[in-house]
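Please look at the sequence and the structure first, and then read on.

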Amino acid sequence: MMAGPQIMTAVVFVTHSKAVRVSTAFLLGVTTAMLLETGIWYLLAGTISLGGKSDHGSTGSVIQYVLVGVLVLLAIRTYRHREHVEPPKWLGGLLEASTRRALIMGFLLILLMPTDIATMASVGLHLQHDGHSLLGAAPFWGLTLLIAAGPLLTFLLFHRRAERAMPKVRDWMGTNAWLVNIIVLGIFVFLILS
């Protein structure tokens, strides 16, 4: 979560003329989408008999293995396409974005990105399969929100230095987002299998 266009959007928003306002709207959109989608996957996972945690042939285990497969395939795809990755063209227009557009961007980027969908599905399924409440996702939500808010927090704490550093961060993220994405996918594979 938050690798690629998601974090690049957050970085672009802190270079906006109304950085705090649009960044806050973006974070509200991210939070809403994250809570909604994780909750939906959690509820969907609750509608099927997942079996016991120790039953490796249970429906829940099979779904988890499928999700691991999807995450691994996404990591392989990310690696194979790493040299052709370019920031989306719509990122350029974000410097003039309204707070409403920032809110919608945060919501849609999290809600519709395939890697984010797979990640939130993994979290919801894992919680149901292990018998935890949806609130068990709170550390995941908190960490995702902290990462999403990183550029804004940096901007607020180190304003002048952040203004100089953010273009370099944006460029580095554009070049290395594929690596960050693979690491995050690997972490979720590890969490599902452990």
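## Basis of the model

The model is predicted, so that local features need pLDDT of at least 70 and side-chain atom pairs count only at pLDDT 80 or more, whereas totals for chains, interfaces and linings use all residues. Residues are numbered from 1 along each chain as its sequence is written, and side-chain values use heavy atoms, with hydrogens and water left out.

Leu153 is placed in helix H6, where helices (H or I, at least four residues) and strands (E, at least two) are DSSP runs numbered from the N terminus. Leu153 counts as partly exposed because its relative accessibility is 38%; buried means under 20% relative accessible area, exposed means over 50%, and partly exposed lies in between, with a 1.4 Å probe and protein chains only.

Leu153 belongs to a nonpolar surface patch that also includes Val20, Leu143, Leu146, Ile147, Leu156, Leu157 and Phe158, and these residues together have about 760 Å² of accessible area. Accessible areas come from the Shrake-Rupley method with a 1.4 Å probe, and for residues only the protein chains shown count as cover. Patches are made of residues with over 30% relative accessible area and no salt bridge, with nonpolar side chains (Val, Leu, Ile, Met, Phe, Trp, Tyr) joined within 5 Å and like charges within 9 Å. Helix H6, residues 138–157, gives the most to this patch, with six residues.

## Overall fold

The protein chain has seven helices and zero strands, and its pattern along the sequence is α-α-α-α-α-α-α. Of its 194 residues, 43% count as buried, while the chain exposes about 10,500 Å², of which carbon and sulfur atoms supply 68%. Among contacts (heavy atoms within 4.5 Å) with a separation of 6 or more, 80% are between residues 24 or more positions apart.

## The nonpolar core

A nonpolar core is a set of buried Ala, Val, Leu, Ile, Met, Phe, Trp, Tyr and Cys residues joined through side-chain atoms within 4.5 Å. The largest one has 50 residues, and Met2, Phe13, Phe26, Leu71, Ile110 and Phe140 have the most contacts inside it. Helices H1 (5–13), H2 (19–46), H3 (59–80), H4 (99–112), H5 (114–129), H6 and H7 (159–193) each supply at least two residues of this core, with H2 giving the most, 10 residues. Leaving aside residues up to four places away in sequence, Met2 touches Ile7, Phe26, Val30, Ile110, Asp116, Thr144, Ile147 and Ala148.

The whole structure contains one aromatic pair, formed by Phe13 and Phe26 in an edge-to-face arrangement, with 5.6 Å centre to centre and 65 degrees between the planes. Rings of Phe, Tyr and Trp (its six-membered ring) pair if their centres lie within 6.5 Å, and planes under 30 degrees apart count as stacked, over 60 as edge-to-face and the rest as tilted. The pair links distant parts of the chain, since Phe13 lies in helix H1 and Phe26 in helix H2, 13 residues apart. Phe13 is buried, because its relative accessible area is 0%, and Phe26 is buried at 1%.

## The salt bridge

A search of the whole structure finds one salt bridge, defined as a side-chain nitrogen of Lys or Arg within 4 Å of a carboxyl oxygen of Asp or Glu. The side chains of Arg82 and Glu83 form this bridge, at 3.7 Å from N to O. Arg82 is partly exposed at 24% relative accessibility, whereas Glu83 is exposed at 65%.
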